[in-house]
Amino acid sequence: MIGPMLDQIFLGTFVTLASLVAAATFWWSLTHSIEILDDWMRRPPRPLKSIIVIAMVTVWSMLIMTVGVWLWAFVFIHLNIFPSLEEAVYYSLVAYTTLGLGDVVVPVEWRLLGGMTGANGFLMFGLLTAMLTDALRHIRRIQHDLSD
């Protein structure tokens with residue numbers, strides 16, 4: 001009984017770490033892109049450019065979430081937990097967003113992975129909130145520097 005439980009915890013930890021490493025990599029590339037756009041954002045029309053950069057950050061955030069959801073879905077498919085990719089993606093999305101509708105559930109013997117999917121999503125939402133805040137702070141700092 002302990003063996004399968006530990007296997008799920010180790011697998012869930014590995015998948016969570018992989019999704020966080022992917023998110024950090026995406027975040028690094030986004031930060032680099034924003035730095036490249038710094039001079040462009042300082043030229044008029046600045047408000048429109050701020051909106052464009054905010055939209056870019058939002059799309060990037062959605063991409064990061066999508067990667068995490070698909071990563072979990074592929075784990076569920078690989079373990080034959082769900083009969084179809086659509087069901088695995090749907091469950092991953094519902095668990096990852098901590099919505100937890102309950103219309104599709106993992107079998108009892110895999111329920112720890114379901115909880116870890118939710119925990120991974122919860123961590124990711126915190127990370128993405130920090131990322132969005134940092135990007136907005138950077139844009140605001142540029143605008144403030146120009147108004148002085």
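Select helices H1 and H3 to begin: H1 passes H3 in a right-handed crossing (the near helix is turned clockwise from the far one by less than a right angle). The contact of H1 with H3 comprises 19 nonpolar, six polar and no charged residues, where Asp, Glu, Lys and Arg count as charged, Ala, Val, Leu, Ile, Met, Phe, Trp, Tyr, Cys and Pro as nonpolar, and the others, Gly among them, as polar.

The model is predicted: local features need pLDDT of at least 70 and side-chain atom pairs pLDDT 80 or more, whereas totals for chains, interfaces and linings use all residues. Numbering starts from 1 along each chain as its sequence is written, and side-chain values use heavy atoms, without hydrogens and water.

Next, display the axes of H1 (residues 2-36) and H3 (residues 46-78), which pack at about 160° and lie 10 Å apart. The two helices are therefore roughly antiparallel (an angle over 145 degrees).

Just after H3, select Asn 80, which takes a positive phi of about 55°.

Now turn to the salt bridges (a side-chain nitrogen of Lys or Arg within 4 Å of a carboxyl oxygen of Asp or Glu); the whole structure has two. In helix H2 (residues 38-42), Arg 42 meets Asp 38 at 2.9 Å, N to O. Asp 38 is buried at 14% relative accessibility (buried is under 20%, exposed over 50%, partly exposed in between, with a 1.4 Å probe and protein chains only), while Arg 42 is partly exposed at 27%.

Finally, in helix H5 (residues 111-147), select Arg 137 and Asp 134, whose closest N and O atoms are 2.3 Å apart. Arg 137 is partly exposed at 46%, and Asp 134 is partly exposed at 27%.

Technical notes:
Axes fitted to C-alpha atoms, helices over the stretch in contact; angles between N-to-C directions. Helix = DSSP H or I, 4+ residues; strand = E, 2+ residues; numbered from the N terminus. Parallel < 35°, antiparallel > 145°, perpendicular 65-115°, else oblique.
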